[in-house]
Amino acid sequence: MNGPAAVVQLAGIVLAPLLPGAIQTLKARLQGRRGASVLQPYRTLWRLWHKSAVDPQGAGVIYRGAPPLVAACLLAGLAIVPVAGRAGSFGLGNDALVLVGVLALARFVLAAASWETGNGFALMASARELMISVFGEALLVFAVLIAALPAHSTDLLAMSHAAAGGHIWSGPTHWCGVIAFALVILVETGRQPIDNPDTHLELTMIHEGPLLEYAGRDLALLQWAGAARHWVILVLGAGLYLPHWGGFAATLGLRLAGVGVLCGALALIETEQAKMRILRVPALLGVGCAIALAGAAMWIGGVGI
Amino acid sequence: MERAAGSLDLDHLGGLLRRMPWTGGAFLVGCMAIAGLPPLNGFASEWLVLQSLLHVALHQPLGIALAGAAALAGLAATAALALLCFVKVVGLVLLGQPRRAECAAAVDPPPGMLVGMTLLALMCIALGLVPGLVLPTLAGLAPGASGATLARHAGMVVPGTGSYLPLPLALALAALTAALLGVRGRRRSAPAPSWACGQPVVAALSWSSAGFTKPLRLVLEAVFRPRREIEVVRGGGMVQSVTYTGHVPSLLDASVYEPTVRAGLRAASAARRLQSGNVRTYAGYLLGLVIGLLVLVYTGVLG
Amino acid sequence: MNGVLVTAMLALALAVIVVRRRTVAIVLLAAQSLALGILAVSLAGGAVVAIVLLSKAIVLPALLYLLIRRTREARPVAAPAGPMVRLAAAGAVALCAVVLTPPLGLGAAHTEHIAVALVLVGITIVIARRPILFQLLGLIVAENGLSLLAVSVPGGLSYVIDLGALFDLALIVTVAAAFAQRIHSDLGTGDTELLRGLRD
Amino acid sequence: MTSLVPVLAAVAPTLPLLGMLLALLVRTPRQADALVVATAFPTAAAGLLLAAIALAHGDEPALRGQWYLIDGASGVLLAVIAIVGLCSALLSPTYLRTSGRSWTTAARSRSLYYAALFLFWAALLAVPIVGNLAVVWLVVEATTAASALLVAFSGRRDALEAGWKYLLLTTLGLSVAFLGIIVLAIGQANAGRHGLHALDWYALQAAAHSMPADPTLIAFVLLLSGLATKVGWAPVHNWLPDAHSEAPAPISALLSAALLPSVLLIAWRIKEILQPSVGAGTTHAVFIAFGLMSMVVAVPFLWRSLPWKRLLAYSSLEHMGIIGLGIGFGTPLAIAGVVLHVAGHALAKALGFYSTLPLLRIQPKAATRAPTAVLSDSPATATAMGVSLVALSGLPPSPLFLSELLIVLGGLTAGEVVVSAVAVIALALGFLGLLHALMEGVIGDESRRRRRRRSREEGPIIALTAILGTGMLACGFAGLLLLPGSGFVETLARGTL
């Protein structure tokens, strides 16, 4: 039975750029613009694939090796996250904490690359990103904890099975988990209130900063990695914190619908919300952690299971 | 590095990876291991600690469980902090342009000095890849180990919780990176200065450690409580010079150790008045002792 | 008869703490030792005990008088507190001794109380008086208290102890006299207040 | 072998008395020095032989004679007094040659010094031997008189002050103690036992059960507070630092290493005898109170940078507190610790005081101010001071570490957990003071390296460091291997004489 699940996970490689495309198009429509089509990310990837790369002065092994390594990390992430409650047997296991580690590795490599080029904007952006990640990872681990409470394990398969059905929604804990994971989605995908993905002003960049120095195929790989990050986080969110039940096919349908709903929600938030001051972000994530801790406390205290 | 670059001040190094590949490589592996990045041993041990904290949160009574949950989040935040710190160290020391002439001329030390570092780096990688072999023996050492030894195999599979298989993960990452490198093919690339809004890149623009950690220090100002003195010298109606000195005082010393030591010494000097030098006072102590003991006997406290 | 003598000894001790001039104090001490000697003779009548106590009544005061002649004092040393305060203190200490000592096995509780009181008053004399000689007198008063109790032990202590105690007292007093004389020649006065060099 | 005991018990104290008389007769300083050596060695030999016999008979009941009583503890003390006495006697000529002015004229002072030293040593040797409580008191009173003269030997104003305070306070304390002895004598007289032998240790122990409760408790309290003054326990310890810092170095060694523990032995025997009638709870409480108070009172003084001898004096206060605490616990482990502590402390303290002679020659101002960087002046002296400080602060190679460990373990087995905890904290705080002295005084910082003056006087101190150092290590290993659980300790813990 792992065949179809593996196919869907691998399909993620192809479908990943669809998500940012869908969010951009929805946002454009909400803002009364026609906007680019949903397939625009594919076109940019194709265009970048055929342009030549750039060698910034003093760039070394880390600079040239970063894009493939980041893309590899995200591919591993794809392999780890089960899609519809089932995972292909890629042998990497399905542990949530390993996923956190893999994303941290990608962040490390990108920050090191920005040090290699010595580009001020890239360094400023990675400094901000790492600062936010201090609080973001704490929140992510809290969200994982809440999802692990019913499953008694950090294995994503067990967690998504425990999250199946309606019973889980009766207690307040899961709702706290939803709020926490919503914030996690905003941090990890680098969406509006925390980071503006389509900004061109280098001083305000957080997620795109380290990408400044790249061009051609390197930039294509990094852009794909950004899209894959969307896919990993949204699929994970849908799997853990959106209601689903029934067999594999039903769950798969519900999962894809869930991802669509999340894209819509992200687009809505992006249109409504202006960008937050960077130094305020930790306070917001702190509130998320407090909500998650309260949720965990209620579960452990046995409230409303 | 001190031998080659002459100084260990982070802001006076740079670009050592290309010039000192062996030392730089070992240093990089070390930093990644400490920062707790997946294929290395740092992440393996961190993963185990996170799992144990999770179990504390799951199975202990409310108070301890909440503490476990808070500790879990705390550890994750610390891991991210470590990541920030060691990216900064790697960036300042190994990558970028050399900040001083000695760094530019740095070369790897003779093999004798390299063996130690490389051996340790290899052990970090080895332990990172197959922690499962060591885990059962270590678990057995724990006091009151219930003897239910874990099964011994390459990855770490803790029954009843997650599993972390570092070897396949590392192989997958390596294979995928190689594949993508192959797919990317020969890089047609043109040299270009790194982007600084069109300005020529000069040494003054290179970042220092203070800059990289500024966002964090701003955010955690309440905890660090940094002390900064800004001195502006004005002369002839013009600002002649502005000197900025700031440092982060270590909290524990300032708020715990120094007051205790001062209080201890003050109490000691007060107690020393006991030896006042006057023989009549000393005889008074003897009288007080005898009468005190007699009172204790009289009141029945003693015996 | 004995009760009167014992009370007289305590009165003489209190007088020593009050009196200002050193010679008068030595005379009072001699009187106290004499009273003790008479009491000893009337109680047990042992030859050794008599010799010991009579020598204490005669030889020691003579030695002290000799000491005073060699350590001329320009003006008597100022006392830290007035005579009445000193007397009150000594009285209080004596009262404490009387109240606190339970029956020690001697028939006469009166002698026990006075003996313990004498020892404690001896220490109080050392505390209350500054001149070296008076501190030495305090020492001897305490010694007399001990001898009082020793004498009234039924059957008496063995002569070895009595002679030994006398020999030790003589040794201590001579060494103390040497100290007093040396300190007087070094300081020019017998006031121990000046002896405060060693402190922390 | 035991037939020798009566002879040795008589010979050991009388030999120094003989030496005293000869010292008064002898004319020239050279003859006096020869006399010292002539009497010192045989006395030490007699003492050590007696100690050896006593230690061999440690686990059987004490060797008892008509007027002497020697058990395991007095064996240890005899050994200590013999060794420290011998070293002090042999070092006295060096002290006299370098001491400069003294109480009286040069010729007279040397014979006076030797006479007082021998009287002091004779009385010290008599204390563990004599089997009668009253006679022991007389002997201790004699030691006070002799040592007061020796403390003030240098004739300076401070020495006179120290000597006067020592004489006055300890004599007052001993009078209080004698009051306690007479109360015991009354109790014995009422029970029909008269004369001198009613106050023998053995007789008192035999009558222990029949003693009336109230008078015995008063006697115990008076005896303990009196002897506390002589042992130098807080709060009546004030004469200790003055007397030790002003006395000549050999005399301070004898005072600290031999006199204080012997008076402690008397207190220990009184505790063993009166315990049945007074109650174990009271006796333990009193000893623990005195011990703990001494350890705690010593801490603030050790924290100041003190002159060398004053620092050693306050360390003696702390160590007497530890021994008192050990006796207060009373369990076999603690008693083993006490025995080892007496031996180890004596050697370490003696070495510390003997290193004062070369120290004062190198840094004359060290008499009134803390020594600084002695290592740069004379490594030999610095080693001696360093070995004694390391030993006194209880760092592992020294036997004191083992004994303190045993005492604290004994305390825990006796159930006194809180007391042991406070004691350990007091030890740690005291250790800070000694460590400061070690770093500042002995080692000092590199920058002030002065040129080394090699003086021919360093021979004796090197020999002494070697001998006493190996002695300490031997004590440590003997303690480790033999003491815990041995018969020797069992009999001491049981307390039957």
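Residues are numbered from 1 along each chain as its sequence is written, and chains are lettered from A and ligands numbered from 1 in the order in which they are written. Because the model is predicted, local features need pLDDT of at least 70 and side-chain atom pairs count only at pLDDT 80 or more, while totals for chains, interfaces and linings use all residues.

**Chain contacts**

Four pairs of chains are in contact, and chains A and B share the most contacts. Two residues are in contact if their C-beta atoms, placed from the backbone, lie within 7 Å. Chain A brings 68 residues to its contact with chain B, and chain B brings 67 residues. On the chain A side, β1 (53-56), α4 (61-80), α5 (96-117), α6 (120-151), α9 and α11 (281-300) each supply at least two residues. The largest share, 16 residues, comes from α6(A). Helices (H or I, at least four residues) and strands (E, at least two) are DSSP runs, numbered from the N terminus.

By class, the side of chain A that touches chain B has 43 nonpolar, 16 polar and nine charged residues. Here Ala, Val, Leu, Ile, Met, Phe, Trp, Tyr, Cys and Pro count as nonpolar, Asp, Glu, Lys and Arg as charged, and the others, Gly among them, as polar.

Chains B and C also meet. This contact takes 16 residues from chain B and 13 residues from chain C. The chain B side divides into nine nonpolar, five polar and two charged residues.

Chain A does not touch chain C; their closest C-alpha atoms lie 55 Å apart. Nor does chain A touch chain D, with nearest C-alpha atoms 38 Å apart.

Two packed helices are described by the angle between their axes and the distance between the axes. Axes are lines fitted to C-alpha atoms, for helices over the stretch in contact, and angles run from 0 to 180 degrees between N-to-C directions.

| Helix pair | Axes come within | Crossing angle |
|---|---|---|
| α4(C) (residues 83-100) and α5(C) (residues 109-128) | 8 Å | roughly 145° |
| α1(C) (residues 2-18) and α4(C) | 8 Å | roughly 145° |

The crossing of α4(C) and α5(C) is right-handed. A crossing is left-handed if the near helix is turned anticlockwise from the far one by less than a right angle, and right-handed if clockwise. Residues making this contact include Arg86(C) and Ala90(C) of α4(C), and His113(C) and Leu120(C) of α5(C). The contact has eleven nonpolar, two polar and one charged residues.

The crossing of α1(C) and α4(C) is right-handed. Among its contact residues are Leu10(C) and Leu14(C) of α1(C), and Arg86(C) and Ala90(C) of α4(C). Eight are nonpolar, one is polar and one is charged.

A residue is buried if 20 or more other C-beta atoms lie within 10 Å of its own, exposed if 12 or fewer, and partly exposed in between; C-beta atoms are placed from the backbone.

Helix α9(A) (residues 216-241) has 26 residues and reaches 37 Å from its first C-alpha to its last, close to the expected 38 Å. The expected span is 1.5 Å times one less than the number of residues. In α9(A), 26 of the 26 residues are buried, so the helix is largely enclosed by the rest of the structure. Helix α13(D) is mostly covered too, with 23 of its 23 residues buried.

Tyr114(D) is found in helix α4 (residues 106-129) of chain D. Tyr114(D) counts as buried because it has 26 C-beta neighbours inside 10 Å. Not counting residues up to four places away in sequence, Tyr114(D) touches Ala23(D), Ala32(D) and Val36(D).
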